[in-house]
Amino acid sequence: MRLKSLIAGGILAAMASTAALPVFAEDSVYVPLFSYRTGPFAGSGIPIANGMSDYLTMLNERDGGINGVRIAIEECETGYDTQKGVECYEQVKAKNPLVISPYSTGITLQVIPKAGVDKIPVLSMAYGLSAAAVGNVFPWVFNPPATYWDGASAIVADIARREGGLESLKGKKIGYIYLDAGYGKEAIPLLEDFSRQYGFELTLYPVPGKEMQNQSSQWLNVRRDRPDYMIMWGWGAMNPTAVKEAVKIRYPMDKFYGVWWSGGNDDAAAGGEDAKGYRTLNFHGVGSDYPVIQDIKKYVVDAGKSQVDPAKFADNLYNRGVYNSMLIAEGIRRAQELTGKKVIDATDMRVGLENLNVDEARLKEMGMEGFAGTLKLSCADHSGHHQVYVVEWDGKDWQKSGDWFSPMTEVVRPMLEKAAEEYKAANAPWPERTEPCLSN
Amino acid sequence: MFYREAGQFKTSYAADQQVFPILQDRIGVAVILGVAIFVVPFVANDFFLSAIAIPFLILALATIGLNVLTGYAGQLSLGTGGFMGVGAYACYKLTTIFPDVPIVVHVLLSGFAAAGIGMIFGLPSLRIKGLYLAVTTLAAQFFLEWCFIRIPWLYNYNASGAIEVPGRDLFGTMVTGASAGSVPRYFTVLAIVILLTVLVKNLLRGRIGRQWMMIRDMDIAAELMGVRPLYAKLSAFAVSSYLCGVAGAMFVFFYLGAAEPSAFSITLSFQVLFMAILGGLGSLVGCFFGAAFIWALPIILRAGPPLIGIPIAAETAFHITSMIVGALIVAFLILEPHGLARLWQIGKEKLRVWPFPYA
């Protein structure tokens, strides 16, 4: 009997839950954050989720939102699972989100075709489909400040700099160890192209998602092949394992590069002192010496409104979450400026993101001077191909190594355009861009 | 009272052999179909259709597929996710090679690819049974998943390694791809699920289904009575994989919209197995109960607390959901090992004598 009433209750609850959706205040905008604080990728997921939500919370606490419009923040737990991500997408779609920040390449790939139809902008900060940088083909997708292909080209550029020019890459051996999923595969076409162009040999070491914590066979191969440089496209539990294994086979750590997603503090710390020299790309500041981070500390962390572990406050990935939310907030602000509306909708948000212009003055105003480079997006360019820099692990923390430098944009951009055309052809009929280009 | 059969006489063989011999069942099924066809698509919102109704129907079909094999033919399988994947990848290949053929035809054809693979992996069932067979199907699961990752031809050498569903229309309405609305997708899925459920129901009532059940109940006795295990077991594998393949194709084409190989991981196999066990092995209606229970419960648990004013963080809800679903499955199997279908049966028997608890 009890079981039956339980089932009946469940059915009632189901009906109620689909009928009633939370109502947000009139002068607020709804920003869902896809996060994963659970699952095998939680190690990288938690700091970013904290950074993302803390920055927006700080804006609400300090300024009462953006120009008086509060941000209604809601997390949707995806567990880095594409299926759950699609579910989250459907769930938040009903509540008129301003922007979707899928925070997973797999989920991004799934929502890209939907976004244009549902008219919801997708912000995939430095992840997702590289070709989405071509705004004329993907008007609803944004991947600032740099694409994966920019990242891969930046690593190759840095290697070339150390070797004395791109010509010296000839005959070198570069290993690529990657998470065997959409995310890790994203950079392969570019690296293959580069290896033909510059004459280096590329060896691939895929790490299946299930085997992330057991990479001994891949590293055995690395030991056998002795590549001159290693590039890693890892995420979650894969990163600390790779760093540990690299230390174990005594791979020269200063020749081991990670993309920006392989640069969590916990990732490198797994190798301890021996991981000294491990390098990853970065596009924002590390540590808490920035006014904006201090504000977050004051208004959010010290006020007990954050989930962050104080010891991990302002670490590399946390700051990346802050950067991600800054892009969202600046998109909203820009949209308000351009439309004159206070409470904007998703179509306005798209225009805002497309005309995003974070210059030095604005960075200073936000307390982000030196935290990030300037960023300007346009209708054709949804990525910005931002400059990056290399950070090096000193055994305890990340240290900036060398200056900001540009990815090989002039080589990458035509390849992106070509890839966008290919995507368009493979997904025919792909809708032509109808959104007018607002120039200012 | 509600289920009293007094006065319902059968005067012909046809009347005796119909699918639903009881009038109340016929009315009930008609009402459910009526609601599913005429009410749900017009009343429900986008979220209900896309995130609950469509995956529920698809998973119910996959559960029927597994139930044919495990519930009716007694062959334990853990390879459901892999077979669903075969269907999905086959459908993707078919529709990219023959873009002009209606997508529903491809979906139905892709099941045959899964059936073929299923039969190959069903061959060991002639020699081994029970847990040992479960392990060989588990091998199928891993092998197939490996294929989805490692054979680039399957995903058309796509850089991301995922299959992306192109837009296809049916009678001028988009049913797949991003521009397809939830209502056309719902109708397509519903039509396929109804069609295949009716087919399976009739298959189960007939010679083939009875052979499966004989094999399940006692294979040696069945063999002595003239059932050929080779045909019975392999046909069960074929039909089961066919249904799983169709479900997998629909899962990608009408629900996910794009899929990475991880979408067909062992997790999906387990999910479908839970649905089959919880719904009730050897029962068609149980498949629908099980799918509804396992699919909808986490969504309800996640959406429920905030509705009644208990704010919980997204990941807390996630942890709680895992715990509650796990606990409920254990509790359920202790209280009613025959699943939800058995509960429904008990309910029916009680309704028959209602309002008197005895008789």
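Which residues of α11(B) are buried? The buried residues of α11(B) are I266(B), L268(B), S269(B), Q271(B), V272(B), L273(B), M275(B), A276(B), L278(B) and G279(B), where buried means under 20% relative accessible area (1.4 Å probe, protein chains only). The model is predicted, and local features need pLDDT of at least 70, while side-chain atom pairs count only at pLDDT 80 or more. Residues are numbered from 1 along each chain as its sequence is written, and side-chain values use heavy atoms, without hydrogens and water.

Because 10 of the 14 residues of α11(B) are buried, the helix is largely enclosed by the rest of the structure. Helix α11 of chain B covers residues 266-279, and its end C-alpha atoms are 20 Å apart, in agreement with the span of 20 Å calculated at 1.5 Å a residue. G280(B), with a positive phi near 125°, follows α11(B).

Helix α3 of chain B (residues 46-72) packs against α11(B) at an angle of about 80°, with the axes 9 Å apart; the two helices are therefore roughly perpendicular (65 to 115 degrees). Contact (heavy atoms within 4.5 Å) joins L59(B), A62(B), T63(B) and L66(B) of α3(B) to L268(B), V272(B), L273(B), M275(B) and A276(B) of α11(B). By class, this contact has 8 nonpolar residues, 1 polar residue and no charged residues.

Technical notes
Chains are lettered from A and ligands numbered from 1 in the order in which they are written. Helices (H or I, at least four residues) and strands (E, at least two) are DSSP runs, numbered from the N terminus. The expected span of a helix is 1.5 Å times one less than its number of residues. Buried means under 20% relative accessible area, exposed over 50%, partly exposed in between (1.4 Å probe, protein chains only). Axes are lines fitted to C-alpha atoms, for helices over the stretch in contact, and angles run from 0 to 180 degrees between N-to-C directions. Angles under 35 degrees count as roughly parallel, over 145 as roughly antiparallel, 65 to 115 as roughly perpendicular and the rest as oblique. Ala, Val, Leu, Ile, Met, Phe, Trp, Tyr, Cys and Pro count as nonpolar, Asp, Glu, Lys and Arg as charged, and the others, Gly among them, as polar.
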